[in-house]
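Take a moment with the sequence and the model below. Then read on for a short tour.

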Amino acid sequence: MKFFTSITTVVSLLLLKDIKVYGKPTLDTNLDYSFELDDKVDLSTENALAQDQTYNYLNTSFNDVMKRDELSNSNFKSINDISYVESLSEVQNPYRGFYSQTVVYLRRNGKSEKHSIPKTNLIRVLVDISDYQKHSIDEEALTFLDKYLEQIKSNHKTIIIRFAYDPGFKGDVSKDPSSENVRNHQKQVSRVLKKYDDIIASVECGLFGKWGEMHGSSVYSDSEKPKYLNKVINNWLEFLPESLTISVRTPKIYSDWANIDLSKISSQITKPNEKAYRVGIYNDGYLASKSDLGTYKNREQEIKWLKNQAKHTLFGGEFGGIYEGNDMGNVSPTADYMDKEAFLTHTSYLNNGHYNVTISNLKNKKYNGADKRYKGISGYSYVENHLGYRYVVRGVRLTKSAKSNGIFRMEIDIENVGYGNLVKPKSLSLLVIDNNNNHYDLSEIQSIENGNPNNWNSKEKTTVKVKAILPNGMKNGNYKVYLRIASGTKSKGLNGFPIRFANDDKNIWNESLGANYLGKFSINGNSNNNDESEPTISNYVTIKFKGTLDPSLNYYLGVKELKNYEYFDIHDENSNDSYKYRTWHLTSETKPSLLCLSDGTYGNPGNPSSHCLDLGNHHSANGYNFLSIVNCENAKHKFMYGGSSSDSIDVYDINGKHLTDNNNNKLCVYYSMTPRIDKCNNESGKMKWKKSIL
């Protein structure tokens, strides 16, 4: 966190005592982020920059190139190559559904144990760490957990995970340790969880009380509980990557942590840049009474809050036991009742074992809700199909006849008929296959509108629009088009936990591709329009830059939010995670290019945004500019990797002239908490970057 002082004050300090202004040192690295304000340094190319030259090359060409083959419009037609009707069968997609439970016991002296991996696609993993109440978790136990999660991943299953100090999860007594020990344990296990981010649907906050359900502690009183739990919540948010959400047991626990009045919780709508955006609820008294066994204080108001909050956090839990004397009100653990409420709470996961009476009743009673297609189907099947997200293709339009190296367009109408949303990041890839099984992956040369599946909301229909330039050299003939939704565009087959559409069509899913068949088109000839004066989409390079200063911990060049910055940090000083927008697009690897920030998150390719890297007006003590983010049409500097040395990021003016300082030193990007430029021959070791092409 930087602190600010008025311009006049800082400049006067510099003139009098040559004082530098520093913030708190960054965590575990030698990154500095001194911050000063003074007059703009007289760079040798500054006069050229003052001529108010604008550069709209990247954005203009990206859009204009799409107009170079308007023949695609005349061939753009609706097709019916697949059924657009929803299947009545369960589709086993990641991070949602009925789950089975398993337990891992981490113990000292090599005595850790585990249950076998359940057969269900989704698993709730309960981890007993009661043996470490007064000890750090040893490496042997952490390795035991690591190998168990690796085994789950190799079986292409996903999990919800909870840690607790309740021995054996028997609900008899909880050995809640000191806050200091809990924090240390959270930090230790988070190292393992980060490695398996892609299999984890959510982390149930747990740790406290019986069964890790954050109540009934045998150590802490009710008055001590909120302070203890608030620390636990903050620790998870600090140690886990931003792509993981966490959940607490009740809205009351959430409101205590968020410091809001529970009676007014329905008016709170969190934003992506807020910590609270990542915190949801797990409900282990689901539909067991009118309060869900104490989950809700005011069911109506708290569900109004969940209607928004559970769009981006995972909500679910387990059916609670229904016993004689439970005050049920109008609540009923049936498919017909869930038809009304589960779409509001966005329920994504529930237990398929224990409390067997509730499960049996679901299986034995027929659904009689609003969805006519499911009339007469068992209530269990209806609920199973609708837990979490469920995508059904309702229509496809595409370019029926295209040219090699020509424009291909496609629109896909996708309805999310499930209770909930997808809350984990996924990327879209367009695959084209000819009759000889030759594959063309268009993931890096496509322009996609509405391409973020996290925004395909429950009970809404979204139209995904794709435009691409087909590869050169495609032979005349028929081609099939597939859409793959998975973690990263480089994963193949069932790796990357791909998502399957729920259409009633046996040909829609291709397991070897991990992709959904949508339709076919033909190639007829070649487009010879290759104007080299403007780049085509296929000329774009997608890239990431990572510092190389520390042998064990380095950060990517990136920002927290997709917006303009006068200066920016590349990671949170309280976290070891790079900020999530860290992918860039450029037009050339061998010539200076604008660096366009991608809208892809956590290293995924994404698509070019309207934001580009530039130099800001704030300077270091030595007069070197901090980097900024500006609208691309206003960007006045270009960048190139490997200009001065094999691992430098060199800085150029808009005309491609290398920037130099007053001593004619070439300027490059300096690796820092708040990145800036410096002379390329700086011997600090902070001018070196590792490049990754996606």
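What follows walks through cores, ring pairs and salt bridges in turn.

This is a predicted model. Start with the nonpolar interior. In soluble globular proteins, nonpolar side chains tend to be buried together. Here the largest nonpolar core has 129 residues. Phe-163, Trp-236, Met-410 and Phe-521 have the most contacts inside this core. Look at Trp-236. Leaving aside neighbours within four places in sequence, Trp-236 is in contact with residues including Phe-163, Leu-193, Val-203, Ile-246 and Arg-278. A second, separate core has 30 residues, among them Leu-613, Leu-615, Leu-627 and Leu-667.

Now turn to the aromatic rings. The whole structure holds 22 aromatic pairs. One of them joins Phe-98 and Tyr-380. Their ring centres are 4.4 Å apart and their planes meet at 5°, so this pair is stacked. The pair links distant parts of the chain. Phe-98 is in strand 2 and Tyr-380 in helix 12, 282 residues apart. Phe-98 is buried, at 7% relative accessible area. Tyr-380 is buried too, at 11%.

Tyr-286 and Phe-315 pair in another way. Their centres are 6.3 Å apart and their planes at 50°, so this pair is tilted. Tyr-286 lies in strand 8 and Phe-315 in strand 9, so the pair ties together parts 29 residues apart in sequence. Tyr-286 is buried at 2% relative accessibility, and Phe-315 is buried at 1%. Elsewhere, ring pairs join Phe-343, Tyr-367, Tyr-374, Tyr-382 and Tyr-419 into a cluster.

Rings also meet charges. The charged end of Lys-363 sits over the ring of Tyr-380, 4.9 Å from its centre. Lys-480 has its charged end over the ring of Tyr-517, 5.7 Å from the ring centre.

Finally, the salt bridges. There are 28 in the structure. Glu-204 bridges to Arg-124, with the closest N and O atoms 2.9 Å apart. Glu-204 is in strand 6 and Arg-124 in strand 4, 80 residues apart. Both residues, Glu-204 and Arg-124, are buried. They also belong to a network of salt bridges with Arg-162, Asp-284 and Glu-318.

Methods. Residues numbered from 1 in each chain as written. Predicted model: local features only at pLDDT ≥ 70, side-chain atom pairs only at ≥ 80, totals over all residues. Heavy atoms only, no water. Phe/Tyr/Trp six-rings, centres within 6.5 Å; stacked < 30°, edge-to-face > 60°. Helix = DSSP H or I, 4+ residues; strand = E, 2+ residues; numbered from the N terminus. Buried < 20%, exposed > 50% of the residue type's maximum accessible area, 1.4 Å probe, protein only. Lys NZ or Arg CZ within 6 Å of the ring centre and 35° of its normal. Core = buried A, V, L, I, M, F, W, Y, C linked by side-chain atoms within 4.5 Å. Contact = heavy atoms within 4.5 Å. Salt bridge = Lys/Arg side-chain N within 4 Å of Asp/Glu carboxyl O.
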